[in-house]
Each structure stands twice: as structure tokens, then as C-alpha cells.
Amino acid sequence: MEQFFQQLTNGLAVGGIYALIALGYTMVYGVLKLINFAHGDLFTIGAYLGLTLLTSLALTDHVGGFLGVTILAVMVMGLVGIIGILLERIAYRPLRQSPRLSAVVSALGASIFFQNAIMLTYGAKFYVYPQDLLPVMPVNIFGLSIPLMRIIILAASVLMMIALYLFVQKTRIGTAIRAAAIDQGAARLMGIDVNFVIMIVFFIGPALGGAAGLMVGVYYGQINFTMGWIYGLKAFTAAILGGIGNIPGAMLGGLLLGVVEALGAAYISIAWKDAIAFFVLILILIVRPTGLLGERVAEKI
Amino acid sequence: MNKIAGWIAIFCLLFAPALFAADPVKIGLMGPMTGSWASEGQEMKQVLELLADEYNQQGGVLGRKIQILTQDDGGDPRTASLAANRLVSQKIIAVVGTYGSSITEATQNIYDEAGVVQIANGSTAIRLSEKGLKNFFRTCPRDDEQGKVATATIQKLGGKKVAILHDNTSYAKGLAEESRANLKTANVEVVFFDALTPGERDYNAILTKLKGADPDFVFFTGYYPEAGLLLRQKKEMGWDVPFMGGDAVNNPTLVETAGAAAAQGFYFLSPPLPKDLDTPEAKSFVEAFTKKHGHAPKSIYPVLAGDGFRVLVEAIKATDSVEAEKISAYLKSSLKDFPGLTGTLAFDDKGDRVGEVYRVYKVDGEGQFVLEP
């Protein structure tokens, strides 16, 4: 039983990261009906920018671990968000009126561009974050020893997700985002600046992806230019699992995918971990083709 | 008049060596000078040229100079077959190389049909020497050799309940299966056997399950990025079990990822690193190499190429001929305990190197790789 709960926490830690990345997929899809395939690479850029800023500014030396990493996270989120806005301007906006397939091809192209750009800028080798940025100490909860870092990651992910949910539900801009998600034309007629809404979406989604990249770097230590592929794929799966276009769905899908993977590895087979996770995805989609929370079409995003 | 005599003298000086000396003995080098293994190939070239210079200063072989002809295989089978054809048309008598197994495989038949002796230096795949090619040799050990050494090492380090983890690549899976079979014959219990997915970051689920199987020794046969993460996360779990890796973890990135504290005490198998070569031949070679290039060879595989070259020269000297058949026969039957740079050298009937090449390394407190006695 202890092993079960240990695996559960393992799964939640991985799932928290999936969920954070999945939010980027789901927001963009909600408003533009576009799968932003470059999102996984924005996540990678977050990890690399984090490392560059960390080593060049030496923030953590001046203000201590926690505050340093928090300031770093804000900077990384801002920078990756700006890259997201540029991506939309350059690769997606000119194709807004074209058939949807053109935008998908453009997204794939952007993904390849980013991946190669990272490789050419930083090189193909593995990069390693400095050790012990944050204290490594296990916390005892109900007799389980859980590393503090893992709790911080999960808490930070959940906090960001709640903040996003409140932003979309309670603010004026959030209302505009929801309106644009339902019907862009009608929203424009109601005086909503749809281009501005899309810009906001392309700032928030990549910013969250970049934050996830920084978390992976700080916690796991090792980054390389292809890491966005696996994380992107899993997060995309999580977004579909929860119902793409739906923010609570992306959170639920991410956490669920992480837990299914961990438990599948624990009780069936490690080598078959991914196969089990995708099998569960297929099962859920057969029963609920719109994903777990995807049915309330009117309340998309 | 004087002017003409002067010209004649100059011409005589220029052409005299070509007129009177015999043709040089041409030995090919096929290596990855470009591509992702370029550092290996370029060092192979430096090693062979250094050794050839040394022989030539002592008068060469059979009274002739040795000439090294280099071709780039690019670490790619198609480029390699072109390189092999080019070398064959340059009338080489033997070739040293190459590094990757699939690259060597693409060229084996070309050299065999041309009657050229081939001595590979980094190609460890078992099948290469199981084809019955008369003139194929290699100075590196075969993959199944590593499985045997792994079993012996696990027993020596006191493993009774062993967990084996691989990553489903053909190399790592092969080594894992080989080791499992050997451990079974040696009556060591294998309590865990499974594969992780390379390229991920979080292996906590795997480690938790691994810990549940309660092994007293873990053998990971995959590559260094995953090995580093496993060590780091194992430390974080507070699990203190001896860990060992195969020769694919031999990279400083392992220690960087894990952190020196987590990597401390990690064992791995590897052919000796150039800094740990201890024979007198090796010491003087490393010294000469350092003098010329400013540093010791960075990888062991170029040194193994050097060994291939040295046994070739030895065989040419001993048989007093440059015929492939005689050289091959000599290498297989008469060459015994040749003092190579990487230890004593001899070959079996298949052309595989006889004798142990693998060493056990352990990571110390500073993250350095230290040779276990």
C-alpha cells in the first residue's frame, strides 16, 4: 500500500508538468481551433532561457534560492510569452483565413524551426542546471517521504492553473477570451478586439509552457534540445484526454495521465508504460469522444 | 654550362628518392572524419600518423616506407562503401577501421572481395565476425564479452539479488539479456528485468518499483543521460543500493547530471581510458602523443585503431610479405601475447580479440572515474 501511494505522488509530480503544458495546447485550440505543434518547443526554450538567465545573472546567489527561482520564473514566462506572440504574428496570423491544414503545416514548420534554432544556438549536447538550487529535503506526509521539490512543483502548477481559471472566468479580458472562443465573428461585432484576445492567449499559453520547462530544468537538472517532443506529445494527449479546449479538462487530463503512467509502470510493466497510457486514452475517447470534460461546448475555454 | 649542371643536380636530388626507393607499403585508414563521431575519426588519424612516423624513422617495414591513406566514412554506411572502394582502388594492402558497427558492416564485403585485411577498432556487434570472412579482425571486444565481464563483476562485488534495467535499444537490450543468461548459469538470482523509455526526465516510478523488488545490486545497460537521472533520483529517494552501468555510460555528463554526491560509488564497465593504460608501450605512446598534440588521446577507440595498425606492421615484418592471406594466417595462429597499447593482443579463428579488455571503473567523491584494481 505504501508503494501505491508513493507511485501516486510520482504520477502527480509528472502529471502536474503535463497539465501545465497541456493548458497551452488547450487555450490555443479553444480560441483558434489550431493545434500549436510548436508548443513543446516553447517549453524547451523556457528550459534553456532559464539556464542562461540563471548562470548569467546569478540571481540565486544574491537573493537566495526561493526568491531567485521565482524571479527567474517570471522572467522566463515573460520572454517565452513574447516569443509566443511573435510566433502567432509570423506563422499563424497570415494563415488565419486559409484552410485549417495550412496552419497545421505552418505549426509543424515552426516546431522544426525552433528545435533547430535551439540546437544551433546551444549545441546538441546535454545541459545541466546547477545542483541544489532549492533545498533537497524530504517532507513526511502520512508516513510517506516526499521530496520538497516535488511538492513545490505540484503546488506551483496547481496555483498557476487556478489563477488562469479565475482570470478566464472572472475578468473582462477572460470574458472576451471566452466570447472569442465561442464565435469570433459575433465577438468582433460586439466590439471585442479579437486580435488582442488571440495575442493574450498566445502570451499566456507559451508562458505557462516556459514555466514548465524551467521547472523540469530545476527539478530534473538535465535538458537537451529534443526534450520538448516527448513532453509536448504527452501534454497534447492530456489535453485531448481532458477535452481539448477546456481548461479544467487540461488540468484533470494532465494529472490523470501522469498517474496512469506511474501506476501502469508499477503494476503492469515499465516498458509498456506508454502503451498503457495511450490505451487508456483510446478507451476514454471511445466512451467519451469529446474527452472527460469536453461536452459543454458552449463553455469552451 | 654551370647553370645546366646546377639544374641537373637539382633534378637528381628531387627524383633520386623516387627512383631508388621501393614503393611504400600502403595502409588504409577508414574513419569518421566528419559527422557525429568526427572526434573519434580525427583522433584515429592522429594516432596512426604518429605511429607511422615512428616506424618510418626506424626505416619502415621490409625496407619500405609506410604510407597511411585516409578516407572519411562520415559515420554513414553509404559514405563508407564509397570510401572503401576508393581505398581498394588505391591498392592498399590492409585497412584499419572503423568505429561504428553498421558502418563496418557496409564495407566488410568490399574489402573481402578485394583481398584486403580489415582491422576494425570500435565495432562491437557480434555478427561482424560470425560471417566467416577470412581477413576480418577487430581490436575491440565483442558485445557478448561485456556480458561475461558484467556477470563476473557483479559476483565479485557481492550481488546476490540483481536487478537488470535496459532501455530497449538493441545494444542495451542485448547486453541485458546476455547478462541475465550468464547470471542464471552462475546461480545469481535476477529479481527484476525491465526497460525504461529513454529521453524522459522522470524515472521515479521505475525506481520506486525497482526498490520494491528489493535488489542488492542494480545493473543498468543503457546510456549516460538516463543513468545520470537515475542516480540523481535514487539519491533523492534516499535509496542506497550499488549501481553499475555498461560501457555506454562512460561520459562526464553522467556526473554533471547526477551531481558528484549522487554519482559517488557508481560502477561502470569500460575499456581502459587512455589515462589508465599501464604498459610501457602505452606509456611511451601516450607521452609521444601528448608531446605532439598537447593532450593525451581523449578516447580509447583511436588507441585501439593504433593497436590494429601495430599488429599489422608486426605481421608484415614476421611474414616478410604483404599478402593478405599470409598476414591473416599469421594474426590468427602465430601472434600470441603481442604487447599492445591496450594490453596483450591475440586473435581467435574468427578474428576477434582474445583476452579481457574491459575494466571496472568507480566514480569517486569528486566525480572522477577511477580504475578499480
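Reader: Where is N187(B), and how do you know what counts as a helix or strand there?
Author: N187(B) sits in the loop between α6 and β7 of chain B. Helices (H or I, at least four residues) and strands (E, at least two) are DSSP runs, numbered from the N terminus. This is a predicted model, in which local features need pLDDT of at least 70 and side-chain atom pairs count only at pLDDT 80 or more, while totals for chains, interfaces and linings use all residues. Residues are numbered from 1 along each chain as its sequence is written, and chains are lettered from A and ligands numbered from 1 in the order in which they are written.

Reader: Why is N187(B) called exposed?
Author: A residue is exposed if 12 or fewer other C-beta atoms, placed from the backbone, lie within 10 Å of its own, buried if there are 20 or more, and partly exposed in between. N187(B) has 8 such neighbours inside 10 Å, so it counts as exposed.

Reader: Where is D214(B), and is D214(B) buried or exposed?
Author: D214(B) belongs to the loop between α7 (204-212) and β8 of chain B. With 11 other C-beta atoms within 10 Å, D214(B) is exposed. Its phi is also positive, near 55 degrees, and D214(B) is not a glycine.

Reader: Which residues does the cis peptide bond join?
Author: G97(B) and T98(B), with omega about 20 degrees. Most peptide bonds are trans. T98(B) lies in the loop between β3 (94-96) and α4 (101-114) of chain B.

Reader: What makes β7 and β14 of chain B edge strands?
Author: Two strands pair if DSSP finds at least two bridges between them. By pairing, seven strands of chain B form an open, mixed sheet in the order β7-β6-β8-β9-β10-β13-β14. β7 (189-195) and β14 (369-371) of chain B each have a single partner strand, so one side of each is left without a neighbour in the sheet.

Reader: How do you know that β6 and β8 of chain B are joined?
Author: Four bridges link β6 (residues 161-166) to β8 (residues 217-220) of chain B, and the two strands run parallel. I164(B) stands opposite F219(B) in β8(B).

Reader: What lies across β6, β7 and β8 of chain B?
Author: Helix α6 (residues 170-185) of chain B does, at about 165 degrees to β6(B). Axes are lines fitted to C-alpha atoms, for helices over the stretch in contact, and angles run from 0 to 180 degrees between N-to-C directions. Two residues are in contact if their C-beta atoms, placed from the backbone, lie within 7 Å.

Reader: How many residues of chain A are in contact with chain B?
Author: 29 residues of chain A are in contact with 25 residues of chain B. On the chain A side, α1(A) gives the most, with seven residues.

Reader: Why does the radius of gyration of chain A agree with that of a compact globule?
Author: The radius is taken over C-alpha atoms, and the globule rule is 2.2 Å times the number of residues to the power 0.38. For 301 residues the rule gives a value near 19 Å; chain A has 19 Å, so the two agree. Buried residues make up 50% of chain A.
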